[in-house]
Amino acid sequence: MDKYILYHDLKDALQHEACPVCALVEQRVDRSIKVMLREGAADGQLIGAYVKARGFCNAHAYRVKEAGEPSAQAVFYRALLETHKQHLERYVQARKRHVEPQGGMPLHRFRHLLRATVAGGEAPSDTHAYLSSFGSEERCPVCATAEASERRYVEAVVDYFEGDEEFRERYRNRGVLCSPHVRRLVAEHADRPSVAELLDIQLSRLDEHIEQLRDIERKAAVRCSEEEGSAYRGGWIRAVRLDVGAPGTDTRYKQSAAALKGWTVKP
Ligand SMILES: [Zn+2]
Ligand SMILES: [Zn+2]
């Protein structure tokens, strides 16, 4: 994206009581989905990458679905389903080979023991191989696009806050980041000189949001008209976005390594 355009887009996004990084990432993701559906169905490399990543994550699958273009989506999904079918066929065949012979020790049990003895340890089972076939080392392609944009826009917030008076003033008046992006700000730019002030601004914005939520709680306690009610509900929706970012934002940081211990498939 052109640096001049990015500056103006980011400054414009500061008009709302919401994370400007989220607003720009959403636009960027929408554009990339449109391009992918318009041109990707004829691009073997892109389809290959999509299959290798085992398709989109749940949130982005539904987002892409909303973008329509059924014939383009059919190309992607057919390639993915064919891969799943191949793995399932392989697994079904493997299971058939392990059918218990007449009497004696079940063959698969025997094989398992033999493998364990020969390899000096547990060989990965066919079941494990099949389960692994659902996962990938590659990320959801839309998640990858979103993350690259998040990095760029969070950095731009710091750059413009430090380098541009007009941007700085606007951010002081309206700037706030969602939790995923304030986290990224600290993770990637904690040493930048402006971060202390950015975090002070964040603190006062959190106070404002907390106060808005208190108001909604109070309103729920006393009956209010539909019109009044909807004016207040906005504060609650803003709180959702403040907590998890725009739909599809990566919030896996919420789970510590200990919480993921029981997982057999990479999230
Ligand atoms: Zn955000
Ligand atoms: Zn995704």
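Read along the sequence, the chain runs α-α-α-α-α-α-α-α-α-α-α-α. That pattern comprises twelve helices and zero strands, where helices (H or I, at least four residues) and strands (E, at least two) are DSSP runs numbered from the N terminus. This is a predicted model, in which local features need pLDDT of at least 70, side-chain atom pairs count only at pLDDT 80 or more, and totals for chains, interfaces and linings use all residues. Residues are numbered from 1 along each chain as its sequence is written, while chains are lettered from A and ligands numbered from 1 in the order in which they are written.

**Burial and the nonpolar core**

The chain has 267 residues, of which 19% count as buried. A residue is buried if 20 or more other C-beta atoms lie within 10 Å of its own, exposed if 12 or fewer, and partly exposed in between, with C-beta atoms placed from the backbone. A nonpolar core is a set of buried Ala, Val, Leu, Ile, Met, Phe, Trp, Tyr and Cys residues joined through C-beta atoms within 7 Å. The largest such core has 37 residues, and those touching the most other members are Cys19, Val21, Cys22, Val25, Tyr153 and Val157. At least two residues of this core come from each of α1, α2 (20–39), α8, α9 (165–174) and α10 (179–189). Domain 1 (20–132) and domain 2 (143–250) each contribute at least three residues to this core; the domain bounds come from an automatic or database domain assignment.

Two residues are in contact if their C-beta atoms, placed from the backbone, lie within 7 Å. Apart from neighbours within four places in sequence, Val21 is in contact with Glu150, Tyr153, Val154, Val157, Leu177 and His181. Across the chain, taking contacts between residues at least 6 apart in sequence, 77% join residues at least 24 apart.

**Packing of α1 on α8**

Helix α1 (residues 3–13) packs against helix α8 (residues 141–163) at an angle of about 85°, and their axes are 11 Å apart. This angle makes α1 roughly perpendicular to α8. Axes are lines fitted to C-alpha atoms, for helices over the stretch in contact, and angles run from 0 to 180 degrees between N-to-C directions. Angles under 35 degrees count as roughly parallel, over 145 as roughly antiparallel, 65 to 115 as roughly perpendicular and the rest as oblique. From α1, the residues Leu6, Tyr7 and Leu10 meet Tyr153, Ala156, Val157 and Tyr160 of α8. The residues of this contact divide into seven nonpolar, no polar and no charged. Here Ala, Val, Leu, Ile, Met, Phe, Trp, Tyr, Cys and Pro count as nonpolar, Asp, Glu, Lys and Arg as charged, and the others, Gly among them, as polar.

**Loop residues with positive phi**

Arg54 is not a glycine, yet has a positive phi of about 60°. Its loop lies between α3 (44–52) and α4 (58–66). Arg54 counts as partly exposed because it has 18 C-beta neighbours inside 10 Å. Glu69, also a residue other than glycine, has a positive phi near 55°. Glu69 is placed in the loop between α4 and α5 (70–97). With 17 other C-beta atoms within 10 Å, Glu69 is partly exposed.

**Two residue pairs**

Asp215 lies in helix α11 (residues 195–221), and Arg168 lies in helix α9. The table gives a C-alpha to C-alpha distance for a pair involving each residue.

| Pair | Separation in sequence | C-alpha to C-alpha distance |
|---|---|---|
| Asp215 and Gly235 | 20 residues | 9.1 Å |
| Arg168 and Val158 | ten residues | 9.5 Å |

Asp215 is partly exposed, because 13 other C-beta atoms lie within 10 Å. Arg168 is partly exposed, with 17 other C-beta atoms within 10 Å.
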